[in-house]
Amino acid sequence: MREIYLDNNASTPLAPEVLEAMLPYYREYYGNPSSLHKKGIEAERALKETREKLAGLFHVKTSEVFFTSGATEADNWALKGVARALKRRGKHIITTKVEHEAVLEACHALGQEGYEITFLDVDEYGKVKKEDILGAINDNTIMVAIMSVNNELGTIYPVNEFAKETKTKKEDIIFFTDGVQAFGKLEVNMENVDIFALSGHKIHGPKGIGALIKKENVQIEPLIHGGGQEMNMRSGTENVAGIVGLGKAAEISYENLDKNKKHIQTLRDKFIRTIKEIDDIRINSPEDAICSTVNVAFAGIPAEVLLHALEEKGIYASTGSACASNSGNKSHVLHAIGLDDKYSDSTLRFGLSRYNTKEEIGFTCKVLKEITPELREVTGRK
C-alpha cells in the first residue's frame, strides 16, 4: 500500500543528503569537541562550520548562535533565562493564547515563581492585534514572546513589526519568537527580534537538535550547568552529528527556498480547492497562512475516527500539535480561536513538504471525498 505522509508540522523525514553529511560524525569524526587531540579538533571544526552557517543565515555573529537539544529546550531557555536575568527590572511577560506548549508551559512555570504573565486573545484565525500587544505593556514588562508561525493553523505573525512597535513603546523590552514553523520555510529576519528558537526535525533534519539565536546584548541565565560548553551558556557534550545535520538541512532549505515555496503552495491550493467540494467543512487556516499548513474541520466526524480512516488508506495526518495529541488534551489553539465544538472535535491538520507530490494530494482528496459521507453515516450525521 502506498504511503502519503502529511504530518510534516510534527516531524519531517530525514533528507538523504542530511544523513550522508551526518554519518562520518558517527563513524570517523566521533571525538568529543572539548578534547584537545585530533579527533576532538575534527569535531570542534564541524561545530564551528555549522555555527558560521547559521550565523550567516540570520546575519548575526557566531557568538550569538547556541546549539540546544531542540526547540522545547530553546523556548524554555529563552523564557526562563531572560526572566531570571531581568527579574530586578520587572516580572511581567506578554505572550498569546496560541503559542506552542513549550512556551505556554514555561510561562505557567514562571507564573509559579511570581512572574505576571499576560496571555493575549486572538481572532478566529489565530491572529493577534498589535494594539493588544502594545496595550498590555506596562512598566514591569521585560519580555514579549510571540511565535513566527502557528504550528496548528499556519498563521504567520509579523514579528519584526511587532518587535519594532514594542521597543518604540518600551525600549528595553526583549522580543522572543518561537520560529520553529518558519525556519527553513520563510526568509529569516532578526532585525528587531532579540531571540529566535528553531528545531532540526521540522526541516528534514535530525531530531534532538535545535538552536537558540540570541543577540549578544540580551542578558540570559544558563538553563543547564556543567562543563561550560556553548560559550559557558549551555553545558553538555555537543551532539556533533545532529549539529552537522541541522546545518545541512538549513543549507538545503535556503538554497531552494523559493522553489520549495512555489511547489508547496501549488499543492496547498490544489488541496483546498478540491476539499471545498466536500459538504460542511471549515478551513481553519487563514488564506494567507504559510503554504505548508492546512487545518480543516469535517463537521460530524470525530477527528480520531477520520485520522484512522485515512491511515487505513496509507495517508498520515494529525489532529493538531503532536505534543497536545500525545497528552490526550484538546487543542488549546482551536479553543482560543473560539471554534465551535461541531468543528473543533472534527479538525485535522495537514502538513505539506517539498517531498509531497500533486498525485499524493489528488489521491488524498479523492479518499476524503469517498470516506467523509460514509463516516458521517456511521456517526449519525448525514
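Which residues lie nearest the centre of the largest cavity? They are G184, K185, H204, I264 and R354, out of 18 lining residues. A cavity here is a set of points on a 1 Å grid, over the protein atoms alone, where a 1.4 Å probe fits but cannot get out, and lining residues have an atom within 4 Å of a point. Its volume, about 190 Å³, is the space filled by probe spheres set on the points, which are joined across faces, edges and corners.

This is a predicted model, where local features need pLDDT of at least 70 and side-chain atom pairs pLDDT 80 or more, while totals for chains, interfaces and linings use all residues. Numbering runs from 1 along each chain as its sequence is written, and side-chain values use heavy atoms, with hydrogens and water left out.

On to salt bridges: a side-chain nitrogen of Lys or Arg within 4 Å of a carboxyl oxygen of Asp or Glu. The search of the whole structure turns up 19 of them, including these:

| Pair | Closest N and O atoms |
|---|---|
| R349 and D7 | 3.6 Å |
| R234 and E73 | 2.7 Å |
| K342 and D280 | 3.6 Å |

Buried means under 20% relative accessible area, exposed over 50%, and partly exposed in between (1.4 Å probe, protein chains only). R349 comes in at 2% relative accessibility, so it counts as buried, and D7, at 13%, is buried too. R234 and E73 are likewise buried. K342 is partly exposed at 37%, as is D280 at 24%. Elsewhere, K53, K248 and E251 are linked in a network of salt bridges.

Definitions and conventions: 1 Å grid on protein atoms, 1.4 Å probe; cavity = no way out; pocket = protein on both sides within 12 Å on 5 of 7 lines; lining within 4 Å.
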